[in-house]
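My notes follow, in the order I took them.

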Amino acid sequence: MKVLATYNIKGGVGKTATAVNLAYLAAADGYRVLLWDLDPQAAATFLFRIRPRVKGGGKALIAGKRPMDDAIKATDFDNLDLLPADFTYRNLDLHLDNERKSATRLRNLLSPLQHEFDLVVLDCPPGISLLSENVLRAADLLLIPLIPTTLSVRTLDQLTEFVADMDRRRPAILAFFSMVDRRKRLHREIAEELPGKRDDVAVTAIPTLSAVERMSVQRAPVTAAAPRSQAAGYYRELWRETRTKLGINQALPRN
């Protein structure tokens, strides 16, 4: 089982759209996928038309009083399940802090699911916290959406340095440019130049497109609702790069 986390210190950069579309594409490739919506704002949960509630809340999950299997919900798509968000997730840092080996609690919770799923996608809230440290220790790959600005590149450098200083298990990093506006010279320059200079930056960039924004209206991945759209094509290219970075280079037979 591989664990992929869409993560950035900043909000509003396209984490949820990426998590939802890549989870769908992985499921379409035949992988058994679990998307865990860790953000109390519950955007991914909303997009899959599932109620944002976990019985007992985040506290019960973190403490092991609510089995993970009991909280997982089926989506409308084959091979794709969702562990919904809950508004109590805003207190996950406090609940994690009460656990022994708190920095690895998420990884330990996911471990029993390795026989049920091939890929777990974590849709993470922004910020630096005990929860984000858990994500870093649980993930095999951090997929980092960046708006192509100088400050975003600086944020990537800071995160890369932080991961490099981690002891023992470290996730691989794959950043990509999101919400690219090619009318802006700075966006064009950074999005075109940086992938050639760094092997941790994807070639694929996701431009600002209305089809992505309409996901909240259609409440479905754009890769499912509009599979022939330009937006879906970009996400398919990003999934191919991500899949290679994860070491799962081919689709599985569909059930």
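I began with helix α9 (residues 185-197) and found that α9 lies across β7 and β8, running at about 155° to β7. A reminder to myself: this is a predicted model.

Next I traced the sheet. I count eight strands in an open sheet with mixed pairing, in the order β3-β4-β2-β5-β1-β6-β7-β8. The edges are β3 (73-74) and β8 (201-207), each pairing on one side only.

I then looked at how β6 meets β7. Strands β6 (residues 141-146) and β7 (residues 172-180) run parallel and are joined by six bridges.

Which residues of α8 are buried? I find S152, V153, T155, L156, L159 and V163. Seen down the axis of α8, these buried residues fall within an arc of 155°, so they line one face of the helix. They pack against α7 (130-138), β6, β7, α9 and β8. On the face turned away from the buried side, I see the exposed residues T150, L151, R154 and E161.

My last stop was T104, in the loop between α5 (92-97) and α6 (105-110). Is T104 buried or exposed? T104 counts as buried because its relative accessibility is 18%, and the cut-off for buried is under 20%. Leaving aside residues up to four places away in sequence, T104 touches N134 and R137.

Key. Residues numbered from 1 in each chain as written. Predicted model: local features only at pLDDT ≥ 70, side-chain atom pairs only at ≥ 80, totals over all residues. Heavy atoms only, no water. Pairing = 2+ DSSP bridges. Helix = DSSP H or I, 4+ residues; strand = E, 2+ residues; numbered from the N terminus. Contact = heavy atoms within 4.5 Å. Axes fitted to C-alpha atoms, helices over the stretch in contact; angles between N-to-C directions. Buried < 20%, exposed > 50% of the residue type's maximum accessible area, 1.4 Å probe, protein only. Arc of directions from axis to C-beta.
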